[in-house]
Amino acid sequence: MATRLGQAHTFLLSYRSAVHESTLVTPAFANFGRELRLPADLITGIPLDAPRSITDCAKDLRNKMNDIYEHVRQSGQQTSEKMKTPCFHADEAEIGAGEWEAWEEWGSEATSAADSEAGAELAAETDEEAGAGGGAGWAGALRDRLLCAVYARLFTWLVNTVNDAIKPAVPGARSSLGVLDVYGLESLAHNGLERLLINYAAERVQAAVTAATLRREQEEYVREGLAWTPLPYTEHDLHADLLDAGPESVLGALRECSARGAGGDAAFLQRLQRLQRRCHPRLLVLPPDRFQVVHFGGAVVYSARGFVQKNRDVLCRRCAAVLAGAREPLLAGLFAVGAAGAGGVASAGGPAGSPRRPCALACRQRALVGALVRRLPAAPRLVRCLRADAALRPHRFDAALMRHQIRTQGIMEMALLRRAGWCESACARALLARYSLLAPPAPRAPRAPRAAGAPRASRDPRDPRAVDAEPVLCARALLRSLPIPSAEFAYGRTRVFIRSPRTVWELEALRAARVQRLVAAAQRAWRCHAARRRLRAQRVIARAWRAYRARRAQQKSEESLFGRVAQVTSRGGAYGAAWAWAARVVWRAWCTWARRRYLAQLWARLPARHRSPACGAWPACPAPRLLGRADAALRRLHHRWRCRLYRAAFDQTARNRMREKVTASVLFRDRKATYARSVALPFVGDYVRLRASAAWRRGAGAADDRYVVFADAVGKVARSSGRTARCLCVLSTAALLLLDARSLRLKRRVPAHTVYRLSLSPYHDDLLVVHVRACGGLESSTEELSQCSSRDAVDAPGCLFGGESARRRGDLVLRTCHVLELATKLFLVVQNAVGAPPHVNIATQFEANFGQQIVTISFHALGGGEAGGARLLRRGSHMDVLL
């Protein structure tokens, strides 16, 4: 172990004191700002510096570390560029049966103009170049080309191996795997052919994805019939056409110059100058050997030196022959005759001795990018990465660079489209299939006579026939029944559009809550079923056991009573038979006498008629074995008779009050602190004698609001400041009215079918929040209907009448000393009008719609919380109620 530890220290010393290939400094120098001290330094000594202060030493060390960091960063970037340049390969593949063969044909079509040249002449030229020996630069270029060939052919071998592995055995079946490796738009200090091809791929992908997304969504708005003004967007195809739009493009000029006898880099620059003269404003030639191309992300300056030679991308035949004779089987197979593959660097003369010239690098890249663009889905998703700093320095944020990237990469157009349009859209049938369980139960209306053969009009989201006939109308009816503003939705011919992501989250939250309730109901029903089965089994077992015990008791009594008779009978004789017959006669007579005596005495012992049916008093049965079943039946009949007498003594007013009291008990018992105090107080209803008011009878109320259920002076809480304004609250069978206390002028009318929730706190307060649905339909009020333009149809797609009015008016916050009575009566009125009761929410914190803002109301019990002592404070989107 000690020997191994010593070797580890020696190895670490060697590593830390050796110059790193990427940073060009030792790890010790990069970490400490100095080299390591060796044992020889301790023996010979090291030169000492002049004495300095601690501040000077710290300052010098900081400057030295900054210089080292800058040197390491520049060296790392240069090494990264060297590693990127020789091994560049555009890997866009769809690996499947026969996919790579198709791409090889695309590459051959792109170079059809150069296919007529003889491969033998090219091979001779390459052999002469290989034997010329051009020094270190020539050797480095040959090494880089050889590494590119090894990488490309290894990748092709891997693709073919995966093809053979996933190839389906069934003829005609297809199994594929997509691989995409594309760099983004880049602009470095030195930009060559590799950088041009990378930027070309990014240009084509950006043009395809941005144009497809913006065009598809706007066409969908117009196709669905929504009111939409087309948004202009930048056509990125114009930038990409400069690079690959036929011979009159940068890649087309490079392809012609790469052909044999067409010249080198100088000829390529001359062709670019001719393109510049032919009205190409995004192309600029910069003598002596550079040119500038304006991409979608900005202008990039390229160096044309070595462009043509790199584009030919031909491997020396002698090097390929040497690698083909290698001892490693995989390496020898990669460079065997005819094993170049579709994406690899071909050797001189082409694969398998073909006379055709091998495909150029730019042509292969163009074919791969074209295949990628053709294989993009109809709704592609492109992840855009933004660069915070051009030099990739940490903790730096260049605002100008970020704005430039946002404007040039199509992010601004997408943001404007989302802001002016809708964030999500769904097919009406799919939306109904997912959210139909949120639909309220349809009220049972009386059947109206209809013509024979006429279809029944129905918009129930759960009716398959209605969904198949009018899916959009069913979706509108479903969404209007939810507590979500109608302005968040727009309806096309076949789709429903949602404006904000928050609405989608609310829909999912409502659906999750509904599913949870349905699961709980199913579990409750199953438990009830299992409990009923167990109870039924217990009753059967108990009945059988009681019957068995009764038979045993009867047998014992008969044996004790008629034992003597049995003895006499067993002896055989007329005296024994007569004794048994006499005993049976006596027994029947006694049973008859016991029954008559029980019935005669029962009438006198019954409880008084004036007592409540809840009283369970009942006289004891004198003979349970003989009269038990009859006693139980009579007790049930007597209880039902007393209940009938009790109900008959009630008039309609008393019945309504009893129904209200029972409803209040169900809603607020053990939930509201003021319920115990309100039990003994009767519900008067009309506290201000509004029914006897002449002004009310003359027509202050509407035709449907004549019958007054509740009337009292209440305080309406102002949503802006929390102050209370006194007004008259009138609840009729159709709506909730707020009137002026003196003139009985109508301030606001809330129809009963628009109320979907009542919110209270569990404390001793007098606050009631009435939640009003955003769009109440045609029966809301004339004020809400006036918000919709008279020129638009009510059921036109995208018509959101009443939404702005409802959102501006918001929910009602009332203060009254009869808060439980008002809540109970409003609960019953809404239930009678809609067919389904509103939700009663009793919590210490809930949200309310205050017009243009959702406000959270919180209750805080500070000093006991007596009724009427609540104090309201409004702070932004929060309202605190201090008790």
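Visitor: Which residues of α8 meet α15?

Guide: In this predicted model, the α8 side of the contact consists of L193, L197, Y200, A201, R204, V205 and A208. Facing them in α15 are L361, A362, Q365, R366, V369, L372 and V373.

Visitor: How do the residues of that contact divide into nonpolar, polar and charged?

Guide: Eleven are nonpolar, one is polar and two are charged.

Visitor: What is the crossing angle of the axes of α8 and α15?

Guide: Helix α8 covers residues 193-223 and helix α15 covers residues 361-374. Their axes cross at roughly 20° and come within 10 Å. Angles under 35 degrees count as roughly parallel, and α8 and α15 are therefore roughly parallel to each other.

Visitor: Is the crossing of α8 and α15 left-handed or right-handed?

Guide: The crossing in which α8 passes α15 is right-handed.

Visitor: Now the sheet. What holds strands together in general?

Guide: Strands of a sheet pair through backbone hydrogen bonds, and the pairing is either parallel or antiparallel. Here, an open sheet of four strands shows mixed pairing, in the order β17-β18-β20-β19.

Visitor: Which are the edge strands?

Guide: β17 (845-849) and β19 (871-875) are the edge strands, since each pairs on one side only. From one strand to the next, the twist averages 25°.

Visitor: How many bridges join β17 to β18, and do these strands run parallel or antiparallel?

Guide: Five bridges join β17 to β18 (residues 854-860), and the two strands run antiparallel.

Visitor: Which residue in β18 does A848 stand opposite?

Guide: A848 stands opposite V855 in β18.

Methods:
Residues numbered from 1 in each chain as written. Predicted model: local features only at pLDDT ≥ 70, side-chain atom pairs only at ≥ 80, totals over all residues. Heavy atoms only, no water. Axes fitted to C-alpha atoms, helices over the stretch in contact; angles between N-to-C directions. Parallel < 35°, antiparallel > 145°, perpendicular 65-115°, else oblique. Left-handed = near helix turned anticlockwise from the far one by under 90°. Contact = heavy atoms within 4.5 Å. Nonpolar A, V, L, I, M, F, W, Y, C, P; charged D, E, K, R; others polar. Pairing = 2+ DSSP bridges.
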